[in-house]
Amino acid sequence: MATVEPIIRCSSLEKHYERGGETVRVLEKLDLTITRGQFVALMGPSGSGKTTLLNLLAGIDRPTAGGLVVDGQDITTLSRAALAHWRARSVGYIFQLYHLVPVLTAYENVELPLYVHNISRRERHRRVCEALESVSISDRHAHYPSQLSGGQEQRVAIARAIVTQPSLLLADEPTGDLDRASAAGIMELLGRLHREHGQTIVMVTHDPATAVHAQRTVHLDKGRLVEPHGVAS
Amino acid sequence: MIGAREASGIVTLAWRGLRRRPTRTGLVIAGIAVAIFLVCTVDAMSSGVKRATRAAAGETALVVYRQNRFCPFTSQLPQSYEQDIRNIPGVSTVTPVKIVVSNCRASLDVVTFRGVPAEDFARDHATETSPEAMKAWLSRSDAALLGPELAARRRLVGGDRFTAAGVDAFVAGVIESDTPQDQSSAFVHLSFLQEQLKRGGTGTVVTQFDVRVTDPARLEEVATAIDAHFAADQSPTTTRAETAHVARAATDVIALVGFAELLGLAGLAAVFALVANAIVLSMRSREREVSILQTLGFTRLHLALLVVTEAVLLGGIGGVIGALASYFTIAFVRTAMTMEGVSIAVPPSAFIAVLGVGLAMALSLAAGIVPAIIASRQSIVAGFRS
């Protein structure tokens, strides 16, 4: 069950890029709190800063200014190596285009994040099997990404994201490249992970039909939060 | 730092990456194998030359040759010189030798007949020859004892007959000798060889005298004394240490091997360039994969280790294939470079094979460092945009 403990706290978060001698302000003074166990949809038009915010939450990009505490850790102060270790422990990331490694099987793709965890081969095997089982793709474990459908690839990507049992699951348009039936299956799966395991999920989506699966919807426009107060509803 | 389990995982991942890209991996490994084959083979030739021509501290062997003559066919010395040389202070033993070669020029398959007095040979080579073979050799005037390289190259064993340079001989056995000049030689009775050739007067002319001195420190002194003794004779001599004699005769081969060593260095440069190019191209096409790994928590060290491991595996596998191919080719072909009657064996060497593998791995490691640094410094977001 969701608790009121915050897992994400953004305060005056800003992200600017320099492009052609001009400063592009992607995120502006963003304040947002997400509590542990919530399923949040981030919506907004293209260029509103959704994916940039997701990248900052994942620690794969750094904010220009402001505070960002995720899972009790101020990730703006971490070194590159510490941030990588933190990502390995705390974050699971699901990409719109799955981003599976083409030369690895489904099993090996799911196993990938566990290589940087100091665990035994047996434990690794147990966790991979469990993750594949939980996304109902065990029967395709020996298939390469090119031998899987889009929906199956995304299931493998979800298994890879949850295999480390992260406290935060981030999904960037997880159904954006799928047909309606596959998209429904993926959203059902994410909903189940949230309901059964109390998994905190932050999902970027364009699609209101996808966003309805979330408990809370946060709207971004031109790098600013549109949702009143940015607090859990 | 990273733990043993993480390191083992990185090696597994690197190996899978190579195995699942068989065309690229196969081509790079083939290139490395060819280069290391070249390096090891040239190195084996070079080490054979060094072994045959480098003067040893305890060297006691001198070769007395006809002055200003460079070929066994033209070096003719009266056999009567034997007693004169024996009387020079510092001389331990003197063996008159008649040499006949199947080919006087540089060649990879030359038979060198060495006609030697039976009693001298039996005394000097007793420990290198089985009693049965020695007995057979002493009992037959047309018998030959073969050097191990010659026997292996021509597939000859005791009881066979063979003909070379117009000499037909019976194989009494094979000697077990490490001496370079013995490797491609067929030792026959001096009188037999002189009779066979009918050149220069039967029983009176030899090609050279092999001399042993009592003290290595007196090698130069004895050589000078021998040449001084015959300086005014009708057949003046030039006496050199055996290794110097080989080095003089093998001047052309040494020059060729020196040039071949440059080819060997080019082979090493090729290994470096091949691995560096393969890894750089591979990483350029895998920028997104690097970003995925970074997103999953791989640190700079993990990524650098992954790239370097791939490079070292490529170098190691290519190196092993190339070094083994070189070792077994040399062992099977049993080549000996022979010129003007002196032989330089090209022996297969496990040390050179191991060195070849080590060089391939070290160069691959070096070639992987820059791509590893580039990959480890890649921006995650930029990698996804590529």
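Which residue stands opposite Leu169(A) in β7(A)? It's Gly92(A). This is a predicted model, where local features need pLDDT of at least 70 and side-chain atom pairs count only at pLDDT 80 or more, while totals for chains, interfaces and linings use all residues. Residues are numbered from 1 along each chain as its sequence is written, chains are lettered from A in the order in which they are written, and side-chain values use heavy atoms, leaving out hydrogens and water.

- Strands here are DSSP runs of E with at least two residues, helices are runs of H or I with at least four, and both are numbered from the N terminus.
- In a regular strand the side chains alternate between the two faces of the sheet.
- In β7(A), Leu168(A), Leu170(A) and Asp172(A) are buried on one side, and Leu169(A) and Ala171(A) are buried on the other.
- Strand β6 (residues 91–94) of chain A runs parallel to β7(A), paired over 4 bridges (strands pair if DSSP finds at least two bridges between them).
- Strand β8 (residues 200–204) of chain A also pairs with β7(A) in the parallel sense, over 5 bridges, and there Val204(A) is the bridge partner of Asp172(A).
- To get from β7(A) to β8(A), the chain goes through helix α6 (residues 180–197) of chain A in a right-handed β-α-β crossover; right-handed means that, with the strands pointing away from the viewer, the path from the first strand over the helix to the second runs clockwise.

**Another sheet in chain A**

- An open sheet of 4 strands has the order β2-β1-β4-β5 in chain A, with antiparallel pairing.
- Its edge strands, β2 (22–35) and β5 (73–74) of chain A, each pair on one side only.
- Strand β4 (residues 65–70) of chain A meets β5(A) over 2 antiparallel bridges, with Val69(A) opposite Asp74(A).

**Aromatic rings**

- Over all chains, the whole structure has 8 aromatic pairs (rings of Phe, Tyr and Trp, taking its six-membered ring, pair if their centres lie within 6.5 Å; planes under 30 degrees apart count as stacked, over 60 as edge-to-face and the rest as tilted).
- Phe113(B) and Phe162(B) are stacked because their ring centres are 5.7 Å apart and their planes are at 15°.
- Phe113(B) lies in strand β4 (residues 112–116) of chain B and Phe162(B) in strand β6 (residues 161–164) of chain B, so this pair ties together parts 49 residues apart in sequence.
- Phe121(B) and Phe187(B) make a tilted pair, 4.8 Å centre to centre with 35° between the planes, and both are buried.
- One aromatic cluster is formed by Tyr93(A), Phe95(A) and Phe384(B).

**Where the chains meet**

- Chain B brings 27 residues into contact with 29 residues of chain A (contact means heavy atoms within 4.5 Å).
- About 2,600 Å² is buried between chain B and chain A, with carbon and sulfur atoms giving 62% (buried area is the accessible area, with a 1.4 Å probe, that two parts lose on being put together, summed over both).
- In chain B, Arg5(B), Arg20(B) and Leu296(B) lose the most area to chain A, together 24% of what that side buries.

**A buried serine in a loop**

- Ser235(B) is found in the loop between α8 (219–230) and β11 (237–241) of chain B, and its 7% relative accessibility is why Ser235(B) counts as buried.

How values were computed
Buried < 20%, exposed > 50% of the residue type's maximum accessible area, 1.4 Å probe, protein only.
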